[in-house]
Amino acid sequence: MFSLRFLPFTLIASLLTICLPLSILVESKGCSINAIYSFGDSIADTGNLLQEGPVGLFASIGSYPYGQSYKMPTGRCSDGLLIIDYLAMDLNLKLINPYLDKSANFSNGVNFAVAGATALDRTALLAEGIAMPPASVPLSSQLDWFNSYLNSTCSSQSDCAQKLEEALFLVGEIGGNDYNYAFFQGTSINTAMTYVPQVVQAIVDAAKKVISLGARQLVIPGNFPIGCSPSYLTLFSTSDSSAYDEKKCLIAYNNFSMYHNKQLKSALADLRKSNPDVSIIYADYYEAFMHMLDQASSLGFDEDSLLTACCGTGGGYNYESNLMCGSPGTTVCSNPDQHINWDGIHLTQAAYLVIAQSLVTEGFAYPNDKVQDIWDC
């Protein structure tokens with residue numbers, strides 16, 4: 001079998017470079033999980049936005065250089081694979097196809113995540129003075145898609161429950177865009193903090209919904225440290241050195257991410273108490289990312305470009321909000337496997353691999369015993 005636990009990073013990187021078909025990497029040995037159902041945004045989208053017809057800044061995700069390390073653009077916001085892909089591979093599952101690809105095989109799950117998605121609906125964000133892009137698909141719409149899928153595949157409610165009992169639900173990462181849209185439109189951190197509870201509640205409500213339908217194994221990720229993102233470092237740069245931590249990330253925006261994550265973890269603790277028969281795992285994307293920065297050199301990343309986009313243009317972080325990766329005038333680094341950040345907002349395939357390894361084997365997803373129960377195959 002292909003396992004994140006038993007292959008060293010250098011060997012996995014070599015396999016990815018030659019891009020062997022997944023059927024070669026994965027043996028048909030059974031795990032306790034036989035399907036993955038995913039909800040979220042661009043961190044997990046495996047092609048829904050592309051199927052929808054991407055507009056605006058991310059119109060280039062369906063063409064090179066996106067997907068170049070996978071030898072094919074797929075609509076993933078990266079040079080290659082994502083965290084969800086590695087989690088699926090380590091469960092001996094094929095890659096999870098996007099819901100909007102009606103010709104796809106959904107025997108091993110469905111991906112409802114859409115790049116640009118929000119946890120809150122458009123009306124809720126507008127009430128806070130935040131505008132969403134036209135193509136943005138909120139979490140509630142993804143749940144509607146899920147219901148439609150179940151109605152077309154299950155013969156009864158009990159049939160659905162049995163089908164979902166052996167599936168893994170990846171609910172997020174979601175909520176990041178609720179904050180991105182706000183901050184990029186001029187919302188202050190203090191104001192954004194006031195609607196963190198609404199975002200967290202939307203995530204918890206989605207978890208409750210799938211649990212009510214039969215889900216028994218959920219992974220719910222927190223948000224990344226946005227203060228380390230080239231987009232934030234460019235847009236909110238300051239001459240005040242005290243605004244940056246020892247990793248040269250923006251302290252205030254990372255504190256905001258931690259505030260969201262603290263609220264989410266607390267809500268999940270309550271959710272576990274009311275659902276003791278359900279495995280509800282928190283995936284700590286924040287600490288996994290920071291750990292990757294700390295171990296960057298040993299992981300093969302170029303320490304001189306840890307906070308710099310591989311694909312882009314302009315400034316100290318190779319990021320320009322009006323010239324996204326793939327636009328005329330942008331360039332691509334020659335070694336994306338040595339970069340953490342891909343396009344100023346999203347990470348590289350190599351970085352997503354490291355984070356997936358951290359979740360499965362290094363204790364960055366917990367309760368740890370529940371993680372081992374799921375990936376013990």
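Start by selecting helix α4, residues 83-90: I83, I84, D85, Y86, L87, A88, M89 and D90 are buried, that is, under 20% relative accessible area with a 1.4 Å probe on protein chains only, where over 50% would be exposed and in between partly exposed. Eight of the eight residues are buried, so α4 is largely enclosed by the rest of the structure. Helices here are DSSP runs of H or I with at least four residues, strands are runs of E with at least two, and numbering goes from the N terminus. Just after α4, click N92, which takes a positive phi of about 65°.

A note before moving on: this is a predicted model, where local features need pLDDT of at least 70 and side-chain atom pairs count only at pLDDT 80 or more, while totals for chains, interfaces and linings use all residues. Residues are numbered from 1 along each chain as its sequence is written, and side-chain values use heavy atoms, leaving out hydrogens and water.

Now show the cysteines: there are four disulfides (pairs of cysteine sulfur atoms within 2.5 Å). Pick C228 and C249, with sulfurs 2.1 Å apart and a right-handed link at 110° about the S-S bond. C228 sits in the loop between β4 and α11 and C249 in the loop between α11 and α12, so the pair ties together parts 21 residues apart in sequence.

Next, C311 and C325 are joined S to S at 2.0 Å. C311 is in strand β6 and C325 in the loop between β6 and β7; both cysteines are buried.

Last stop: C77, which is in no disulfide, with the nearest cysteine sulfur, that of C325, 9.9 Å away. C77 is buried, at 0% relative accessible area.
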